[in-house]
Amino acid sequence: MLKHEDNELLVRVGPKTAMGELMRLYWLPFLLSKDVPANGQPYRVRLLGEDLVAFRDSEGRVGLVDQACPHRGAPLVFARNEEGGLRCIYHGWKFSVDGRCHDMPAEPENTPMLNRVCVKAYSVRERNGVLWAYMGPDETPPELPAMEWNMVPPENVHVSMRIQECNWLQALEGEIDSAHAAMLHGRVDSGGSIDQWKQAADLAPKFEVVQHDAGLHIAARRKLDEDKSYVRVNQFLMPFWTLVPPFSQYPELSGHAWVPIDDEHTLCIMFSYHPAQPLYEKTRSLFEAGHGGRETGHASLNSFEPKPITHPYYNYWSKYNRENAYGYSPDLARKYNAGMPGLWLQDAACQSGVSPIYDRSKENLGVSDSGVARTRRMLLAAVKQLAAEGARPPSAGLQQKYLVRAISITIPKDGDWAAEGGEFMRAEPGKDFGYAP
């Protein structure tokens, strides 16, 4: 159980909140490069409760600025993106990616306002098709974190985005909880591939959680037979990353960035990748189109219900949500343990189906929730220490420590998974798994 005041501390992420200030110490992936073509339509973004617009100028530089023109508050999502900057349609004030104003057509030519007025702007970096924002206090932002999924060749990775209508921590906790997978995603008739997963043979794994420089190793040990154990080690990385091990039928790594949009909405950036070879075309096709009307872990291209461009992330809102029961049907429930049409829908329904912010003081945690409990404690310690002492978590400055992998290995019954899997957990783009998932 989590005390109400601690839950509030963790899920409130707006400006000047304790968790919002912690989040600002880290780079935030916030958009796919393809969503902002040069001289194209400005794109509405919301991050940590702030309303912003992203755009790519004529030179290919990406800006992330306040959504409102600092002249009279007109919406810059309607601005003309031309000749190196955004020109507000109201009075023609023009801003570059760094927020500086370069033109005020209705003002005198030598107006001092031209050097004084600017629009709030945040640093943006681009790597392998993903845009990252730094909203923190440092005048010179740190380097991007060394996330393996965003460092492999484009043909090795598939990245998708969607909006989930709950706070970021509720969404994140579902992926560090590996006890749920065989139950939630299984079938009533035990006839699906998920029911053949190794973890389905032992629904009561033994959990061990080990802290490391960037986060937590969360290991679930399952008995395979009298001599062997099957161990899956998920990763939690500060402040909002989760990494999931490969399955034998699906030889790729995956995970999420659970980026807070505001207190009640999360940008779910999912990535699946192979560190050493291109993804199978069939795999990529399944991610993009689903299979037989069902969703995979990725939101398919058919699962969205676009909104007007004035909505943040207008093209990433799912047509499945709390209002329509995430696509639940009695017919599906007769075949699958959960009656929703696909994996991520089943997860989303459990994470956000009751309310955007659930009262965690009502919970009754068990031993299978060890990873969830340790993650909460780690986050609480970090946010309280930052608020009380100004002390930053070590992970905020250890960019190379994010080169870790989640693993799924078979070891002797009483073997040491940390020793047996230590080399496999060290990420290095281009290096294969080193074991058979």
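**View 1. Aspartate 103 pairs up with arginine 87 in a salt bridge.** The closest N and O atoms of aspartate 103 and arginine 87 sit 3.0 Å apart; a salt bridge here is a side-chain nitrogen of Lys or Arg within 4 Å of a carboxyl oxygen of Asp or Glu. Aspartate 103 belongs to strand β8 (residues 101–103) and arginine 87 to strand β6 (residues 85–87), so the pair ties together parts that are 16 residues apart in sequence. Strands are DSSP runs of E with at least two residues, numbered from the N terminus. Arginine 87 is buried, at 18% relative accessible area, while aspartate 103 is partly exposed, at 27%. (Buried means under 20%, exposed over 50%, and partly exposed in between, using a 1.4 Å probe and protein chains only.)

A quick note on what you're looking at: this is a predicted model, where local features need pLDDT of at least 70 and side-chain atom pairs count only at pLDDT 80 or more, while totals for chains, interfaces and linings use all residues. Residues are numbered from 1 along each chain as its sequence is written, and side-chain values use heavy atoms, with hydrogens and water left out.

**View 2. Arginine 221 and glutamate 208 form another salt bridge.** Here the closest N and O atoms are 3.3 Å apart. Strand β13 (residues 215–223) holds arginine 221 and strand β12 (residues 206–211) holds glutamate 208, so this pair links parts that are 13 residues apart in sequence. Arginine 221 counts as buried at 15% relative accessibility, and glutamate 208 as partly exposed at 33%. Elsewhere, salt bridges with shared partners join Arg24, Glu50, Asp66 and Lys120 into one network.

**View 3. Glutamate 8 meets arginine 12.** Their side chains form a salt bridge at 3.0 Å, N to O. Glutamate 8 is partly exposed, with 24% relative accessible area, and so is arginine 12, with 28%. Searching the whole structure turns up 28 salt bridges.

Terms used: Helix = DSSP H or I, 4+ residues; strand = E, 2+ residues; numbered from the N terminus.
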